[in-house]
Amino acid sequence: MIPFIKYPTVDSFAQICQRPSLDAQSLDQIIEGIFAQVETQQDQALRDFTLKFEKREIQEILYSQDEISELANQVPDSLKKAIQQAYANILTFHESQQFIPQKIETSPGVICWQKASPIEKVGIYIPGGTAPLFSTILMLAIPAKIAGCREIVLCTPAMHPAIFYTAQLCGVTKMAKVGGAQAVAAMALGTESIPKVFKIFGPGNQYVTAAKMYANHKGIAIDMPAGPSEVAIYADAHANPSYVAADLLSQAEHGVDSQVFLVALEESFIEKTQLELEKQVQVLERKDLALQALTHSKAILVKNRQEAIHLLNEYAAEHLILACEHPEEFADHIVNAGSIFLGNFTPEAAGDYASGTNHTLPTNGFAKAYSGVNLASFQKKITLQSISQAGLEVLGQSIIEMAEAESLQAHANAVAIRLTTRS
Ligand SMILES: NC(=O)c1ccc[n+]([C@@H]2O[C@H](COP(=O)([O-])OP(=O)(O)OC[C@H]3O[C@@H](n4cnc5c(N)ncnc54)[C@H](O)[C@@H]3O)[C@@H](O)[C@H]2O)c1
Ligand SMILES: N[C@H](CO)Cc1c[nH]c[nH+]1
Ligand SMILES: [Zn+2]
């Protein structure tokens with residue numbers, strides 16, 4: 001099922017960890033073209049691209065409040081309840097991330113502190129090319145609301161009623177009918193209907209992710225590269241092959257360019273998991289997508305736990321499941337991962353929907369440098385300071401000394417003019 005690699009050498013780890021990606025150069029050209037067209041033709045470009053890529057005709061770019069309410073009302077009560085339970089957990093976890101300001105007296109009379117300030121206008125991309133990921137609205141709009149973002153612009157190609165119910169529940173301010181790179185371009189540049197935002201959030205396919213990176217080069221902040229989903233699983237003798245296979249398939253079914261990565265200590269465990277995969281994949285509605293994803297996935301037999309830790313840190317998975325003995329102790333050795341799931345009863349799908357953590361996470365090895373979305377992603381920290389006259393008397397001479405050494409006389413003067421004593 002999954003290509004098998006036995007006892008790879010450490011030298012080959014970087015190559016093993018590569019993800020299946022579209023050719024970066026041709027992708028960049030496509031994105032550049034989309035941005036150029038959105039810049040000049042604005043809303044009309046959005047209509048044209050939606051027709052071209054999705055065979056969907058749109059006139060108005062934004063949904064009206066009546067349209068939103070009508071669609072939201074179609075959600076069955078059982079699904080509303082499930083969304084509300086997820087909402088409550090995600091709210092609780094993200095509220096616990098509130099920044100607590102602290103005034104620090106760095107030297108007598110010199111007080112410094114920080115305050116968190118919301119990013120006023122944010123854009124959230126909700127994937128919908130092959131599945132309507134309304135759960136992503138919870139992951140982005142809840143922390144945006146807690147942070148106090150004034151404008152939350154949502155773009156999605158999806159039209160499932162739950163998208164509209166969840167957007168209403170979370171207090172999204174504008175909803176646009178567009179998806180793909182053109183939606184990202186619209187939020188980055190602004191069009192007649194879609195306001196330009198200060199920061200763009202959200203996962204998506206390779207076009208969406210490349211568009212966010214392009215927007216970032218043009219000066220718009222982004223959360224992180226959150227592209228095709230992936231999961232790595234570490235399995236020792238405590239793991240259950242049926243659970244592991246189910247978890248691997250849960251990410252493989254996202255799309256053809258998803259990748260799953262099994263690292264195990266026993267060959268027989270990999271064999272059992274492969275058999276389970278074969279069985280479980282047959283009944284999936286998205287079997288074809290999952291099968292394609294499995295062809296560029298990997299099942300790797302390593303010599304020992306240390307090698308597994310090394311390989312998993314090199315891979316820097318979006319999600320890492322630890323199906324092993326003492327998972328918390330193992331997790332202490334992991335320095336690169338978007339989100340870690342511990343033990344046999346913590347499926348990754350729990351984090352995708354309802355446990356409370358955020359599912360918008362760095363992929364493609366970017367977990368080496370980026371965190372997943374959290375409350376702070378929607379805030380800036382502003383530093384503040386207040387110095388008393390006595391405080392400046394103590395600190396002033398050092399500032400003057402340093403400013404003069406940097407040949408910046410005006411800086412030195414700004415302090416000296418306030419000092420009553422100067423040696
Ligand atoms: N990393 C994360 O946190 C995370 C979370 C959720 C989902 N995901 C990923 O999001 C992705 C969702 O992908 P999706 O495709 O279903 O939905 P999507 O909304 O990301 O992309 C759909 C859009 O892609 C555009 N598109 C399709 N083919 C194109 C082409 N040839 N040229 C230009 N544009 C084209 C279309 O405009 C379409 O609207 C999956 O890869 C999933 O794994 C990642
Ligand atoms: N696994 C995705 C993140 O890679 C998130 C998601 C949403 N719905 C289902 N899964
Ligand atoms: Zn998922």
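**Close-up views of a predicted model**

**View 1. Positions listed as "binding site" in UniProt.** The unreviewed UniProt entry lists S229, Q251, H254, H319, D352, E406 and H411 under "binding site", given in the numbering used here, with shortened feature names and annotations that may be inferred rather than shown by experiment. They span 183 residues in sequence and the farthest two C-alpha atoms are 56.2 Å apart, so they do not all gather at one spot. This is a predicted model, in which local features need pLDDT of at least 70 and side-chain atom pairs count only at pLDDT 80 or more, while totals for chains, interfaces and linings use all residues. Residues are numbered from 1 along each chain as its sequence is written, and chains are lettered from A and ligands numbered from 1 in the order in which they are written.

View 2. Q251 is found in helix α10 (residues 241-252), where helices are DSSP runs of H or I with at least four residues, strands are runs of E with at least two, and both are numbered from the N terminus. Q251 is buried, with 28 other C-beta atoms within 10 Å; buried means 20 or more such atoms within 10 Å of the residue's own, exposed 12 or fewer, and partly exposed in between, with C-beta atoms placed from the backbone. Leaving aside neighbours within four places in sequence, Q251 is in contact (C-beta atoms, placed from the backbone, within 7 Å) with residues including S229 and H319.

**View 3. Surroundings of D352.** D352 lies in helix α15 (residues 348-353) and counts as buried, with 21 C-beta neighbours inside 10 Å. Beyond neighbours within four places in sequence, D352 is in contact with S135 and H359.

Technical notes:
Two residues are in contact if their C-beta atoms, placed from the backbone, lie within 7 Å.
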